[in-house]
Amino acid sequence: MLSKAATMEILMNRNGDAGTLPEDDSLEQVAKLQWSLDEKVGSFTITRDLQQVMVSGPNLNETSVVSGGYGGTAEGIIPTASIKGSSMQDSRSSSSMTAEESSRGVAVEKLDFMKQWGLNTYKCTKQMIAERFGRGSRTVDLELEAQIEVLRDTKRKYENVLRLARALTNHLYSMVQTQHALGDTFTDLSLKSPELRDEFGYNAETQKLLCKNGETLLGAINFFVSSINTLVNKTMEDTLMTIKMYEAARLEFDAYRADLEELSVGPRDVVNMARIDTAQEQYQIHKDKYERLRSDVTIKLNFLDENKVKVMHKQLLLFHNAVSAYFAGNQQQLEQTLKQFNIKLRPPGADKPSWLEEP
C-alpha cells in the first residue's frame, strides 16, 4: 500500500494546481502494474493460508483474536490462552475472596463471643465482690435455699455411710479369705493326723460353712454399697450440678439487675436510653433463665427425696436381714434374703471381671 501510494503521488505546483509531467502516462502504467501485482500476491497469500487451515485445522489453544484489518501490526493480536488464564485467575480470586469473607465472618463471631463473655464475667465478678463485702443485694429463695442445704448435708452423711460400708466389705472379704485358708489347712491336717482326724474334720467343716455364709453376706453388702454409691455419686450429684447452674444463673440475674438499676438512676438522654433498653433486654433474658433453673431445681429436689426414701428403705431392710441371719448362723434365712432382693452371687473364681466386662 505504501509503494502504491508512493507511485501514485501527484505533484502539486507552487500555486496549488495539479501539475503535469511528461512522464504521467508512464507513471500511470507503473501504478496499474504495481496494483495488479499487489492483488495477486494478496490473493495467493490468502489462498495458501486457507489451504493450510483446511489441512491442519486450527489449534484452539493457540487461536488468536485479531483486532484491526488484514495486514495490521501484531499489537492487535490477543492469544486465547491468555483469555482462559485470566478467566481461571478470576475464578480463583473469587473463590479466595469467598473463603476470606467466610473466615472473616467466623473471626467476627468469635470476637463478639469473647466480648460478650468478658462483659458477662466482669459484671458477675463485680456482683460477687459486692455481695461478699455486703454492698450488693442478692435474690434469695428461703425455702429453696433450705432444701439445698439439707441435700448437701444429707450427701455428706451418705458419703460417710458409703465409706464405712466399703471398709466393712474389705474386712469381711479378708475374713472370708482367712476362713477359707484355715478350712483347707484343717482338712489337710485331718488327713495327715489319724489320731486327730475327727477334731480337724469338725473344724474344717465349720470354717467352710462360715466361709460360705461370709460369701453370701459379702454379696448382700456389695449390693448395698453399689446402690448407695449410685444414689450418692450419680443421683445426688446430678441434682447438685443443676443447683450449681441455678446459682450461676442467680448471680448473672442479680448482676444484670444491678446494672439496670444503676442505669435507671442516670440521666435520660438518647445514649443512656439506648443503654437502658439493652440492659432491660439482657435483664429479661437472665430472669427467664433464672426462673427456669429454679423450677428445675425444685422438681429435681422433690424427685430425689422420693427416690431416696424408696432406695434406702429397700437397702436398709436388706442390710438388716443379711447381717442378722449371718451372725445368727441361719444359713437358710441368709439365702432367702438374697432371693428376696434378686441378688445373684458370683462364682468363687469370678472375683475379677473378665476383659469383656472391663470398661
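Helices and strands are DSSP runs, a helix having at least four residues and a strand at least two. The model discussed here is predicted.

Q: How many helices and strands does the protein chain have, and in what pattern does the chain follow them along the sequence?
A: The protein chain has seven helices and two strands. Read along the sequence, the pattern is α-α-β-β-α-α-α-α-α.

Q: What makes α5 and α7 count as roughly parallel or roughly antiparallel?
A: Helix α5 covers residues 197–265 and helix α7 covers residues 331–340; their axes cross at roughly 25° and come within 10 Å. Angles under 35 degrees count as roughly parallel. The pair α5 and α7 is therefore roughly parallel, and the crossing is left-handed.

Q: Which residues make the contact of α5 with α7, and how do they divide by class?
A: From α5 come Leu 209, Lys 212, Asn 213, Thr 216, Leu 217 and Ala 220, while α7 contributes Gln 331, Leu 334, Glu 335 and Leu 338. By class, five of these residues are nonpolar, three are polar and two are charged.

Q: How do you know whether α6 and α7 are roughly parallel or roughly antiparallel?
A: The axes of α6 and α7 cross at roughly 160° and come within 8 Å. An angle over 145 degrees counts as roughly antiparallel. It follows that α6 and α7 are roughly antiparallel to each other. In this pair, α6 passes α7 in a left-handed crossing.

Q: Which residues of α6 and α7 meet?
A: On the side of α6 they are Leu 317, Leu 318, Asn 321, Ala 322, Ala 325 and Tyr 326; on the side of α7 they are Gln 333, Leu 334, Thr 337 and Gln 340. The contact of α6 with α7 has six nonpolar and four polar residues, and no charged ones.

Q: Why are α4 and α6 described by the direction word they receive?
A: Helix α4 (residues 142–192) and helix α6 (residues 270–327) pack at about 25°, and their axes are 12 Å apart. Since the cut-off for roughly parallel is under 35 degrees, α4 and α6 are therefore roughly parallel. The crossing of α4 with α6 is left-handed. The residues in contact include Leu 144, Ile 148 and Tyr 158 of α4, and Val 297, Leu 301 and Phe 319 of α6. By class, this contact has twelve nonpolar, four polar and two charged residues.

Q: What decides whether Glu 252 is buried or exposed?
A: Glu 252 lies in helix α5. Buried means under 20% relative accessible area. Glu 252 has 14%, so this residue is buried. Leaving aside residues up to four places away in sequence, Glu 252 touches Asn 120, Cys 124, His 286 and Lys 289. Across the protein chain, buried residues make up 24% of the 359 residues.

Q: Is Asn 342 called buried or exposed, and why?
A: Asn 342 is found in the segment after α7. Exposed means over 50% relative accessible area. At 68%, Asn 342 therefore counts as exposed.

Notes:
Residues are numbered from 1 along each chain as its sequence is written. This is a predicted model: local features need pLDDT of at least 70, side-chain atom pairs count only at pLDDT 80 or more; totals for chains, interfaces and linings use all residues. Side-chain values use heavy atoms; hydrogens and water are left out. Buried means under 20% relative accessible area, exposed over 50%, partly exposed in between (1.4 Å probe, protein chains only). Axes are lines fitted to C-alpha atoms, for helices over the stretch in contact, and angles run from 0 to 180 degrees between N-to-C directions. Angles under 35 degrees count as roughly parallel, over 145 as roughly antiparallel, 65 to 115 as roughly perpendicular and the rest as oblique. A crossing is left-handed if the near helix is turned anticlockwise from the far one by less than a right angle, and right-handed if clockwise. Contact means heavy atoms within 4.5 Å. Ala, Val, Leu, Ile, Met, Phe, Trp, Tyr, Cys and Pro count as nonpolar, Asp, Glu, Lys and Arg as charged, and the others, Gly among them, as polar.
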